[in-house]
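Hello,

Here is the structure I promised to pass on. My notes on it follow below, with the cut-offs spelled out as each term comes up.

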Amino acid sequence: LASTLSLASNQIEDISEIGHSLQKLMVLNLLRNNLTNLPPSIGLLVNLNRLDIANNKLVSLPLEIGRLSRLKHLNLECNELSDLPESLGKLKCEALNLNSNNFAVFPNCTLRMPNLQKLSIMANRLS
């Protein structure tokens, strides 16, 4: 089984079936699709170290995203997020991209990410 899966630029709207069969996956690229949410089963991808969901239509993330204990790079740029689940603070991410979303308030859970070295949060509605 491959450790990288790229489903970029496919106009995908639903990935609810993702999870059980992809537990060894290390890199998941869902860039430039039409996703409005991620299923709770995303939390089953415990070996992921890079998740790219930029340029979608995400309005929220499931609490289960906090189970991705090996995740180092999370790209959420160009979505419609205005809040993040508190469970995100458990991640050991080194890089988090939140540019071009709908954040009006700084997502404090990012301050609890112990390994975070690079946080990008430009082009939001922060005041």
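This is a predicted model: local features need pLDDT of at least 70, side-chain atom pairs count only at pLDDT 80 or more; totals for chains, interfaces and linings use all residues.

Residues are numbered from 1 along each chain as its sequence is written, and side-chain values use heavy atoms, with hydrogens and water left out.

**Salt bridges**

The whole structure holds two salt bridges (a side-chain nitrogen of Lys or Arg within 4 Å of a carboxyl oxygen of Asp or Glu). In one, E94 pairs with K72, and the closest N and O atoms are 3.9 Å apart. This pair links distant parts of the chain, 22 residues apart: E94 lies in the loop between β4 (73-75) and β5, K72 in the loop between β3 and β4. K72 is partly exposed at 37% relative accessibility.

E86 and R112 also form a salt bridge, at 2.0 Å from N to O. Here 26 residues separate the partners, with E86 in the loop between β4 and β5 and R112 in the loop between β5 and β6. E86 is exposed at 53% relative accessible area, and R112 is partly exposed at 45%.

**Fold**

The protein has zero helices and six strands (DSSP runs numbered from the N terminus: helices are H or I of at least four residues, strands E of at least two). The six strands form an open sheet in the order β1-β2-β3-β4-β5-β6, with parallel pairing (two strands pair if DSSP finds at least two bridges between them). β1 (4-6) and β6 (118-120) each have a single partner strand, so one side of each has no neighbour in the sheet. Strands β2 (27-29) and β3 (50-52) pair over three bridges, and N29 has D52 in β3 as its bridge partner.

**Overall dimensions**

Along the principal axes, the C-alpha atoms fill a box of roughly 45 × 30 × 20 Å. Buried residues account for 45% of the 127 residues.

Best wishes

Conventions. Buried means under 20% relative accessible area, exposed over 50%, partly exposed in between (1.4 Å probe, protein chains only).
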